[in-house]
There are 2 protein chains.
Amino acid sequence: MFDKYAFVKDDMKKIDDFLLSNIKTSSPTIKKAVEDLVLSGGKRVRPLLVIAIARLGEYNEDKIIPIAASIEIMHMATLVHDDIIDDSKMRRGRESVQSKYGKETAVFTGDFLFSQAFNVIADIISKENLKLIARGVKAICEGEIEQFDNRYNLDISVLRYLKRIYRKTALLFAISCESGATQAGLSKELTRAMRRFGLNVGMAFQIADDILDYEGVEKIVGKPLGSDVLNGIYTLPLIYALSTSHKKAIEDILLKNKLSKKDVNRIVKEVKLSGGIDFAKDLALKYVKKAIKFLDIIPDCEQKDLMIDIANDALKRNY
Amino acid sequence: MFDKYAFVKDDMKKIDDFLLSNIKTSSPTIKKAVEDLVLSGGKRVRPLLVIAIARLGEYNEDKIIPIAASIEIMHMATLVHDDIIDDSKMRRGRESVQSKYGKETAVFTGDFLFSQAFNVIADIISKENLKLIARGVKAICEGEIEQFDNRYNLDISVLRYLKRIYRKTALLFAISCESGATQAGLSKELTRAMRRFGLNVGMAFQIADDILDYEGVEKIVGKPLGSDVLNGIYTLPLIYALSTSHKKAIEDILLKNKLSKKDVNRIVKEVKLSGGIDFAKDLALKYVKKAIKFLDIIPDCEQKDLMIDIANDALKRNY
């Protein structure tokens, strides 16, 4: 995907090698589950950001690859646990851990990945960076639980939604950028700009992800359209729609006891008609533009081009 | 329970205060769940071991309390996740997180606790100790998954069982002792003895816990007798029984498609008759004696008495 950048292909291979060789475990089940996760790919956006930004400063591969890989491990752990909650059958085009090995294995594979990630980075990165990454994971948990607590809540505001996705997604993007910057010894000003770049890309990323529930390609997304709605998770397109004249039509359906497939399709249609998807796309685009603006501070270079590509790619998500 | 030791009551209060004041979260749900966990008590055996051993050397409260508390946090996190898998309604005499708040909240409350624990200890303890604790958590996950993978496996050997409980339980006991020892600057020889003490206590602890499935008081244990058997988890008393003339009677029941309450009671009875419980109790006692032997290296003192008490208490578990 981002292979046109000279360093990307090499570095991504190093990350994969690091992931595969550092998941040392006596458990054949964990080993298989983690190999599945690594080999199923994903775009590795977070580690790519760590590396691209670290390459703006004093690049020390022996530290950067483990940091980048560990952030990916933590991210994978949250995905594995997320799939338990959503009861997702698929992840990145493959069967999810919880579907293939059961919820029990998924719970402890996620925990294994968390502890392994901390184990790996403990003597490589600074304590500040370690705390930073731990805080990122903590925020993801808070965001996920806030989302769960607010299922079926029709009064959810755009602001609350934005706070949620900040925790669930954007903060770990910001932390990826920040830890790459601090590790490479970038100036405070640059580090702050990189962090903000990550934050805004992360926001766009999650909004784009939420739009997929309304217009994704089921086969690629891996779950039926309207799954979020069905599970009471109301995201930006729907939240916007509830502020329009479509409110009553949508509420009438949502207040039913049990939604049929037809009900869900009806809601998706109402949301589209309300302009909710366009509103969400516009907001995602604004975040991307804001993100790219923070790159003004760095001179034109390959890394900058890659970061701009990653930012723009957030809008094209279909996975 | 161990309140007769002058320092215990004070230190335990400090641990509880530390737990409550360091679980800073924007999520009211997490806050409530964690408060439930802390206030429900438990004997805090692991933190007690950290503290007792650290008090043999250069005792630095500002480091020891956070280490001890963090190990308890990690332990709590594994309990919360464990209850998801066992579908347990009760934990330490209170409703479990998964029963009270749902599996979704339980998954992310556990993850929150893991990340929070690493966050708290990152700038307090040495990298060696941090890696040690991460390794302890990793081993627990491996032990749990191995146990799950071997459900309904009638060929399980005593050795495999012992390896499993080493990972699931004993290693974190050993690590609790070791991190107390290294933090307090004890000699290598002493540190090794303390680690071995912990390992053996942990083995006894888990064997005693497994015996409860056969002769615990349901109301205190919080789940029906024979729950492990019903879930295909075969522990020492049963594994022993399968090596006796009771093998056929037990296998005939276990090979049935679905076990009734009566079937489970029948197995519990056969295990008792086979001497499986006595065998397990004897082995637990051996581990306790072996553990206490490792304390010969330290002079008589209050801490030593407490450690002997903790070791002996493993055999009296009824919770």
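Hi everyone. This is a predicted model, where local features need pLDDT of at least 70, side-chain atom pairs count only at pLDDT 80 or more, and totals for chains, interfaces and linings use all residues. Residues are numbered from 1 along each chain as its sequence is written, chains are lettered from A and ligands numbered from 1 in the order in which they are written, and side-chain values use heavy atoms, with hydrogens and water left out.

Let's start with helix α4 of chain A, residues 61-86. Helices here are DSSP runs of H or I with at least four residues, strands are runs of E with at least two, and both are numbered from the N terminus. The 26 residues of α4(A) reach 37 Å from first C-alpha to last, close to the 38 Å expected at 1.5 Å a residue. That expected span is 1.5 Å times one less than the number of residues. Of those 26 residues, 21 are buried, where buried means under 20% relative accessible area, exposed over 50%, and partly exposed in between, using a 1.4 Å probe and protein chains only.

Now the two ends. Just after the helix comes the answer to my opening question: Asp87(A) has a positive phi of about 55°. Most residues other than glycine have a negative phi.

Chain B has some positive values too. Arg44(B), not a glycine, has a positive phi of about 55°. Arg44(B) sits in the loop between α2 (28-39) and α3 (45-54) of chain B, and is buried at a relative accessible area of 5%. Tyr152(B), also not a glycine, has a positive phi of about 60°, and is found in the loop between α7 (127-149) and α8 (158-183) of chain B.

Next, helix packing in chain A. The axes of α7 (residues 127-149) and α8 (residues 158-183) come within 8 Å and cross at roughly 165°. Axes are lines fitted to C-alpha atoms, for helices over the stretch in contact, and angles run from 0 to 180 degrees between N-to-C directions. So α7(A) and α8(A) are roughly antiparallel; the cut-offs are under 35 degrees for roughly parallel, over 145 for roughly antiparallel, 65 to 115 for roughly perpendicular, and oblique for the rest. The crossing of α7(A) past α8(A) is left-handed, that is, the near helix is turned anticlockwise from the far one by less than a right angle, with clockwise giving right-handed.

α7(A) is mostly covered, with 18 of its 23 residues buried. Then there is α3(A), residues 45-54, which packs with α8(A) at about 30°, axes 7 Å apart. That pair is therefore roughly parallel, and α3(A) passes α8(A) in a right-handed crossing.

What joins the side chains of Asp111(B) and His81(A)? A polar contact of 2.6 Å, meaning N or O atoms within 3.5 Å; within protein, one must be able to donate a hydrogen and the other to accept it, and residues adjacent in sequence count only if both atoms are side-chain atoms. Asp111(B) lies in α6 (residues 103-122) of chain B and is buried at 0% relative accessibility.

Finally, cysteines: the whole structure has 0 disulfides over all chains, counting pairs of cysteine sulfur atoms within 2.5 Å. For Cys141(B), the nearest cysteine sulfur is that of Cys141(A), 14 Å away. Thanks, everyone!
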